[in-house]
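The points below are a colleague's remarks on the model, to be read next to the coordinates.

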Amino acid sequence: MKMLCIAFMACVVSTLHAVADERVDFESQIAPIFQQHCVRCHSSSDRKGDVSLATLEDLKANEYVIAGDPDGSYLIQLVTSQNGKPPEMPKEAERLADADVAKLKLWIQQGATWPAGVVVKQKAKADASWWALQPLMLAPDAHLNSERASSEQADSSDLAATIDAFIRAKLKEHQLQSSPPADRRTLIRRLSFDLHGLPPTPEAVEAFVNDPDPQAYGKLVDLLLDAPAYGERFAQHWLDIAHYADTHGFERDKRRDNAWRYRDYVIDSLNEDKPYDRFLQEQIAGDVLWPDDEQAVIGTGFLAAGPWDFVGQVETKSPELRRSARSLDLDDMATQVMTATMAMTVNCARCHNHKLDPISQQEYYQLQAVFAGVRRDDRVVSDMEVKTYEEQKLQLTKRRSEIDFEIGRLDGEGLNLADIVGGGNGLGSGKHRAAIDPRNAQVQTRDFGKLDNVVTNKFSTSDFAFIDGVFIPDGEDGTAEIPVSSTGTAITGLPKTSGNAWDMIRNGPVASQHSPELGGIDFTQAPHSVLGLHANAGITFDIGAMQDAMSGQARSLDNALRFTAKLGYFGAVGGHYADVWVFVDGKQVTHFPRLKREDGLHVVDIELPSSARFLTLVATDGGNGFSMDQVGFGDPAVKLAVPAELTTEYRQRLEDLRKERQKVTEKLESLEAPARFFGVVAESVVPEVRLLARGDPESPIGDALQPEAIGSLAMLNPKLGTLESSEGERRAALARWITDTDNPLTRRVIVNRLWHWHFGTGLVDTPSDFGFGGGRPSHPELLDWLAEELVRQNWSLKAMHRLIVTSKTYQQVSYVDGTNGGAARQIDSDNRLLWRQNPRRLEAESIRDAVLFVSGKLNVKQGGPGFEDFQYQEAYAPIYTYITADKPELWRRSIYRYTVRTTPNRFLTTLDCPDPANMTPKRQTTTTPLQSLALYNNDFMLRQAGYLAERVQQDVGSEQPAQIIRAFELALARRPTSNELHLATDFISKQGLFALCRSLFNSNEFVYLD
Amino acid sequence: MNISYLRRDFLQAAGGGFGGLALTAMLAGEGRAESHHAPKARRVIQIFCPGGMSQVDTFDYKPELEKRNGKPFDPDGNLQFFASKPGNCQGSHWKFQQHGHSGRWVSDLFPKLATCVDDMAFIYSMHSKSALHGPACFMMNTGFALPGFPSMGAWVTYGLGSEADDLPAFVVLPDPRGLPPGGIINWGAGFLPAEYQATPLDTSNSKQPIVDLFPPTDFKAATSDADRAGLEFLEQLNRLHLDSRKDNSELDARIKAYEMAARLQLSAPEVTDLSNETAATQQLYDIDHPEAGPFGRQCLLARRLVQRGVRFVQIYCGAENTTSKKIRPNWDSHEDLPRDHGYWGAVLDTGASALLKDLKRQGMLDDTLVICTTEFGRQPGAQGGTGKGRDHNAGAFTAWLAGGGIRGGVGYGATDELGFKAVESPSYSYDLHATSLHLLGIDHTRLTFYHNGIERRLTDVHGHVINEILA
């Protein structure tokens, strides 16, 4: 093949020489030269020396290329040797072959044509033939295969033996062999920390060590996998990849109080051994695929788990800053999904084509198009639950309102007009500051200023209970007939107004009201109320309807009512005034000309005879502009003109009603609001996504992009929909594409992660990068066999765990001695071939949890909101001040910690707990003096050492050898050696039991696994 | 000679895991990586003024802006800043004068720093990719407007290791009033191993200048005698444990870490104790001044730290998430710039000028690089009803450098006539970082670390050394 290639090249070159007149084709002949030698440094994104060879612009502008004049073109001078010196360019690539220079010259000679739209881009180092993108290899070794195929129900030890066969085969190639198995004491400690993140109890250790059953190890594995602590342990690994935390991060690191439901979802999913494909599908599109399955919906918390810039996306007024923040937000989402599931570093293709892997910039933005229609937000778990909740709430509220109404009727307290304006029944069910729009009688809740689209003297009929309608009056010098009721009643004689209106007719002060206080009463404080009526506006109440509602058998009198209120001008002093009018059935009953603040409150008390139908309140601007004309009717009420005595029967009825009201109120208050989680919600329309030049949100180019996956996986169809696809369809399609059984990466990636978690290093040692920049698999056949096995095991992760940890490879000793050391250390010091198990330092969370477990203080409460080991102080950027965790609520496992992004728990950070701003596929382990200080002096550690001392004392009394033995068993899962016992006896007699416990917590053995 | 490769090879030789390496960076003289070229600076003190320092009121003299005082800044109404639409042009709230032999312009906000201009190089054409505090602070500290990337101090310690064997290589001195925007990840190690993160020193707590340096005083059982005996016993236990695991260098490293922790218990209280500095020095930094004193102490402490071999010290002049209300807790002067810059200006002026003079006097300025920067600048147009504030401006700000191979008295780049945008040689943090690394003997394109698919750099894929400000 290689030979053929060279021959072909030679052929091309000679052809060129032969027919110099033939036209040079830019795309096939010139572009490859630039691609190979130039654009790595001279591209639109890099532009070293201020020149890009990606397009013609720079070349022409600076006379690098002068069409028709190759010798005058600077480019040719640069790539040819001048005065005996080697060519100046390329600096960091191979120099151009003479034939290439000749081609360039010819191209320039012929006019240097560069077809429109052609951009020369650097070629990725890997193409679609890259190993990770190929279908899974079937294990080549026939006996491995046949062994498998022959027994459908091969038990896990046979399968585990397959793993060992792969490992041994590779060791053999290097003349190495496996190490002996570790003893049971080592194994149970290794397994406990590995599967639970906790040490074994001394009792469990003894039971296992003395179990005569040859299947003891397998039983232990099953026991551990079945315990809830398994999910708690492995959820942390998954949350590392999802860069989960309980706050938003960035400058204002606000709380994300509903995030924990996703954390619990991960724990529960792992514990119930949810098939891995389903687990992924739920996290990418569970809300679309299984909208009625609460757990599947909560799974989408995965998409929202990372940081989110509140200031950039919400707070700032600058649209440019918002676009920038949003663009990074989508990048985070797409990157997380693709690196977590398929270890594809798509983020590298945001500003340009991926330099290493076959992922184009366009493909990157096509992936963004999958997520463009969602944003991170709190979301209700179940729409059904919300519906039920709202129905119940509505019914109870309705019932309470009916009761209130009847009580009010019996009690004669009347109807409050402000409450009615707030959408209520007049008895308190309205919302404070809710309003009716004087332009159209619509409900309004937000504040308005000067109103647009005002049509004066137009009566709008209302759907509010007891309100007939509203209008904006302009008397036009007294001539205008202003309709004030739905039956056509009209008034005349109002003065000319500015025709302007401000804000709404409100249950409460109007927008920007000067003060809610007048005449010594603050009308926003109970039991007061105020109907805010800014000039120019009018409102007509339906007295007839009120009479009907308030009349009844309880009352013996006729339906005469009265309207009472404390009228005032709530605007500022200083020349501001308004006119206020009250009409009954279109007839003026009272008028307050030039009402101003200095006038204080006017008592209004108007009889409404049983014949009355409409009560109309009007405020006009007094002819001096409508500014400040904040008129208000304080405590406005319509009640029976003459209250009557109650009969005994009705007194009893009143009492019953009050009792019932109490009950209904209690029910209302105990209604639990529907559960919420932090996830993603759909935008009303899916915004268009275009390729962004250099990743700059201000430089979109080309057409809107369809949702599409990566094309280099040849076995899959990358289409994920069209421009018309809904956002839900897009995510669902991506979820299916990722979990397609033909997708080789998804399976390789998860089995490699499992391997990484069990051995400390994956078969590929970059678990989130299977591209050119990542590691190559140490055992490619084993990796693919495991990936196949995952499907044969119905995507069961527990089955895969069992398979791996029951292998002999897993159970080897981790130390090196004469039997296994020698050659292996020379040939494979990294132990990539797994001639032994790797010793490992515990992660930060495991250290903390193990300390609590050993001291006997671990609180095993599962699930629910995270515990807060800090004091929270509300501020522009909230302040999180850590406290010593010294009470049971704070002694829960670390997975249940309320994780703060900008102010992480310093103790854990010091012990290498990663920053949740980053997706962390692989924990790092460092050894620093600050860690020594933290473990030796931190208040939490000292107190826990004290509790361990108390526990030991309780368990075995005050005998010294017994104390020492017990402390060692608890902390290190073994008895002390005689040497240690001797040393410890001496130490404890001088320094006490506490000091021994403190030292044990600090020992290398406590924080390391063999 | 690629530092990252050097270090990777070393890691592989050490048998995987970072244990052995950790010590070299945290506290050690041995195992320093080699430089790419001869360094001019051996250590760095960086002063960070969070909130956004105004360029037009400090170092970037704009007579044209003064001329247009009161005229609309944006007559067409096209612009929308972070929090507001621009008001009228507002010239500097302080008078500008020329200073020193170099004749550099400095406003009267900085009377003391003005006497140092011949040692300072100004980059007038700084700009940022974000006008939000959090992302812009991240960018200035890490080269990326996102959280999660290593800070410059972390990169420098990763590249050069430490010169001190009893102090951390990278120390941060946060403002006593609180954390800067974005919190402690401003000096985090990002994806670099945790030992490259800064160690915060708490100068207000002489008993416990480093978290957990000693047991809490109210913990009676942990006496200093018991502490020592416990450590001895611990070492015995660890040595016995190590006997059968001799190949695991991390275990040995961990034993050494406890020894170094003990040394740190001696050195940290010594370095933070300012009482044995002369009265004149204390006066120079004005350490007892109720307002300027705390920052002065930080600057003096920074000098003591680098004197003892600390590689990188970052000092914050301003906070963010604090509840104090009297003045703005940092330079973010939206409502009343004369009040807030007036306050912070006096604070910075005293401490920073004292630091430059003191370093020079001690002969340390030559190989100590001092950097002073902010995350972005402020608008030439006024903000707020009274017009006394200024909104955020990512388009222009000024940074200055001194010492360690910097040519004093020079200016680089320029903003437009109003100080709105950098127009001549616009420079991002990349260029500032590239230049600083260059002075430390590091080629910024070759200081890399693999993370999630990319060989990451402090300067991303950008950065030019600004030769014009080099001596």
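1. Phe149(B) has 27 C-beta neighbours inside 10 Å, and because the cut-off for a buried residue is 20 or more, Phe149(B) is classed as buried. This is a predicted model, and the remark should be read as one about a prediction. Phe149(B) sits in the loop that joins α4 (133–142) to α5 (152–160) of chain B.

2. Which residues does Phe149(B) touch, once its neighbours within four places in sequence are left aside? The contacts are Thr142(B), Gly143(B), Phe144(B) and Gly190(B).

3. Just past the end of α5(B), Gly161(B) adopts a positive phi of about 70 degrees.

4. Two helix pairs in chain A deserve a look. Helix α23 (residues 744–759) and helix α24 (residues 780–792) of chain A have axes 8 Å apart and pack at an angle of about 100 degrees, which makes α23(A) roughly perpendicular to α24(A). On the α23(A) side the contact is made by Pro744(A), Arg747(A), Arg748(A), Ile750(A), Val751(A) and Asn752(A). The α24(A) side supplies Leu783(A), Asp784(A), Leu786(A), Ala787(A), Leu790(A) and Val791(A). Sorted by class, this contact holds eight nonpolar, one polar and three charged residues.

5. The second pair is helix α31 (residues 939–956) with helix α32 (residues 960–972) of chain A, whose axes come within 9 Å and cross at roughly 120 degrees. The two helices are therefore oblique to each other, and the crossing of α31(A) and α32(A) is right-handed. From α31(A), the residues in the contact are Leu948(A), Val952(A), Asp955(A) and Val956(A); from α32(A), they are Ala962(A), Gln963(A), Arg966(A), Ala967(A) and Leu970(A). The residues of this contact comprise six nonpolar, one polar and two charged.

6. At the interface, 79 residues of chain A are in contact with 75 residues of chain B. The helices of chain A that each supply at least two residues to the side touching chain B include α16 (319–342), α30 (929–937), α31 and α33 (978–1002). Of these, α33(A) gives the most, with 11 residues. The side of chain A that touches chain B has 27 nonpolar, 35 polar and 17 charged residues.

7. On confidence, the predictor assigns the complex an ipTM of 0.85 and a pTM of 0.77. Chain A has a mean pLDDT of 89, with 94% of its residues at 70 or more. Residues 1–19 of chain A fall below 50, and this stretch has four contacts beyond near neighbours in sequence. Residues 146–153 of chain A are likewise below 50, with four contacts beyond near neighbours in sequence.

8. Chain B averages a pLDDT of 89, and 92% of its residues score at least 70. Where in chain B does the pLDDT stay under 50? That applies over residues 1–32 of chain B, for which the model has 81 contacts beyond four places in sequence.

How values were computed: Residues numbered from 1 in each chain as written. Chains lettered and ligands numbered in written order. Predicted model: local features only at pLDDT ≥ 70, side-chain atom pairs only at ≥ 80, totals over all residues. pLDDT = per-residue confidence, 0-100. Contact = placed C-beta atoms within 7 Å. Axes fitted to C-alpha atoms, helices over the stretch in contact; angles between N-to-C directions. Helix = DSSP H or I, 4+ residues; strand = E, 2+ residues; numbered from the N terminus. Parallel < 35°, antiparallel > 145°, perpendicular 65-115°, else oblique. Left-handed = near helix turned anticlockwise from the far one by under 90°. Nonpolar A, V, L, I, M, F, W, Y, C, P; charged D, E, K, R; others polar. Buried ≥ 20, exposed ≤ 12 C-beta atoms within 10 Å, placed from the backbone.
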